[in-house]
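This briefing concerns a predicted model.

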Amino acid sequence: MSNDQMKFSTLVVHAGSAPQPHTAGVADSIHLSTTFVHGADGRRAPAGLEYQREAHPNALALELALSSVEGGIESLCFASGMAAISALMHGLEGHGEVLIGSDVYQGTRTLAREYLQPAGFNVREVDHADLDAFERAIGPLTRLVWLETPSNPLLAVGDIARTALLCKAHSAILAVDNTFASPALQNPLRLGADVVMHSTTKYLGGHSDVMGGALVFAQRGALFERVAHFRHLHGALLPPFSAWLTLRGLRTLSVRMDRHASNALRVAEYLAGRGEIERVNYPGLATHRNHELAARQMRAFGGMLSMQMKGGRDAALKVAERLRLFTNATSLGGVESLVEHRASVEGAHPVTADNLLRLSIGLEDADDLIADLAQALDGI
Ligand SMILES: *Cc1c(COP(=O)(O)O)cnc(C)c1O
């Protein structure tokens, strides 16, 4: 059966795997060697490897799997999501304009402002749930459009297919941060994007125990070559054990994401009925501004949501403090549920409303999560 014929849950289990040479082990081995034998004239052995900073067997196995689950041609894995974003930004040529969604991951925005802007790129923020705003902003100077959907922490949804058409018309690159949805719920390359980015630290790793990032490319072109060159020179490749853990996590993505998404929908529906809450941001709710688009674009609505308290910052902090099953911690996409008051962790100039709590819904029983939220809300 070819990859194209497999359903996602089959693909995610089998992509890029083969019994191990030498041992016939069914599980992958971890290869720690930093260097690989070559000929006296420098000619590489048939596996093509030379030095771990450039490539190693566990990274290659993960990259093969990622290309296949995202429907890409090539993948590059990195030591973190930020390393992946940085490498892609460094792969841009010349100067011009970069458009980023207004509700992107804070690190993405900071990287664009502090490094792309001084390098000669005009960085502009656009409301990415509003396609007309992109249409007005894009032009002949646009080199890159950065779309994160659903976004962090407002869960705004951008239209990937239509943004891709706009980018094609202006010869701009469309990169999509697919961290929140994961390839289980949407495949931006199939909708016309050029590059997909993941913080594999989140749903792909899935257990809050391994950092990593990845870029998956629709084509093996000049952009891919420049980014691969950058990764090699800057030493940004994901190490072997991390690559092994990430691929191990990926194998269960399909079943985990089913539970994350069904739990999150139940929690969102419960929270929407609580009088203390001004707004629940979850694309699976019919009241969400982009619900119809999300229903078209995604196979389910994911495991992330945020809620905004009528009682402002104080009420939000009280709820976060009273929760027992939800741990107060940053990050997301692990088996355990997490809560975070974003404004408190955003430093001196927070961009997130101070009545907002972000929830990463884990794999616990939905009834237990709802009971925990109920007791926390009852207490304010
Ligand atoms: C976490 C995250 C990143 C950054 O990834 P790291 O692995 O933490 O470097 C980028 N985008 C999104 C949406 C994220 O959640």
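In this predicted model, the axes of helix H10 (residues 253–272) and helix H14 (residues 366–378) come within 9 Å and cross at roughly 30 degrees. Because angles under 35 degrees count as roughly parallel, H10 is roughly parallel to H14. The crossing of H10 past H14 is right-handed.

**Contact of H10 with H14**

- On the H10 side, the contact involves Asn263, Arg266, Val267, Tyr270 and Leu271.
- These residues meet Ala366, Asp367, Leu369, Ile370, Leu373, Ala374 and Leu377 in H14.
- Sorted by class, the contact of H10 with H14 comprises nine nonpolar, one polar and two charged residues.

**Contact of H2 with H9**

- Helix H2 (residues 57–70) and helix H9 (residues 240–250) have axes that come within 8 Å and cross at roughly 30 degrees.
- H2 passes H9 in a crossing that is left-handed.
- H2 contributes Asn58, Ala59, Ala61, Leu62, Ala65, Leu66 and Val69 to the contact, and H9 contributes Pro240, Ala243, Trp244, Thr246, Leu247 and Leu250.
- The contact of H2 with H9 has 11 nonpolar and two polar residues, and no charged residues.

**Ligand surroundings**

- There are 15 residues around the ligand, of which Met82, Asp177, Ser199, Thr201 and Lys202 come nearest.
- The side chain of Asp177 has an N or O atom 2.7 Å from a nitrogen atom of the ligand.
- An N or O atom in the side chain of Ser199 is 2.8 Å from an oxygen atom of the ligand.
- For Lys202, a polar side-chain atom lies 2.7 Å from an oxygen atom of the ligand.

**Local backbone features**

- Thr149 and Pro150 are joined by a cis peptide bond, with omega near -5 degrees.
- Pro150 belongs to the loop between strand S4 (142–148) and helix H6 (160–169).
- The peptide bond from Asn152 to Pro153 is cis, and its omega is about 5 degrees.
- Pro153 is likewise found in the loop between S4 and H6.
- Ser171, a residue other than glycine, has a positive phi near 50 degrees.
- The position of Ser171 is in the loop between H6 and strand S5 (173–177).

Definitions and conventions:
Residues are numbered from 1 along each chain as its sequence is written. This is a predicted model: local features need pLDDT of at least 70, side-chain atom pairs count only at pLDDT 80 or more; totals for chains, interfaces and linings use all residues. Side-chain values use heavy atoms; hydrogens and water are left out. Axes are lines fitted to C-alpha atoms, for helices over the stretch in contact, and angles run from 0 to 180 degrees between N-to-C directions. Helices (H or I, at least four residues) and strands (E, at least two) are DSSP runs, numbered from the N terminus. Angles under 35 degrees count as roughly parallel, over 145 as roughly antiparallel, 65 to 115 as roughly perpendicular and the rest as oblique. A crossing is left-handed if the near helix is turned anticlockwise from the far one by less than a right angle, and right-handed if clockwise. Contact means heavy atoms within 4.5 Å. Ala, Val, Leu, Ile, Met, Phe, Trp, Tyr, Cys and Pro count as nonpolar, Asp, Glu, Lys and Arg as charged, and the others, Gly among them, as polar. A residue is near a molecule or strand if one of its heavy atoms lies within 4 Å of it. A polar contact is a pair of N or O atoms within 3.5 Å; within protein, one must be able to donate a hydrogen and the other to accept it, and residues adjacent in sequence count only if both atoms are side-chain atoms.
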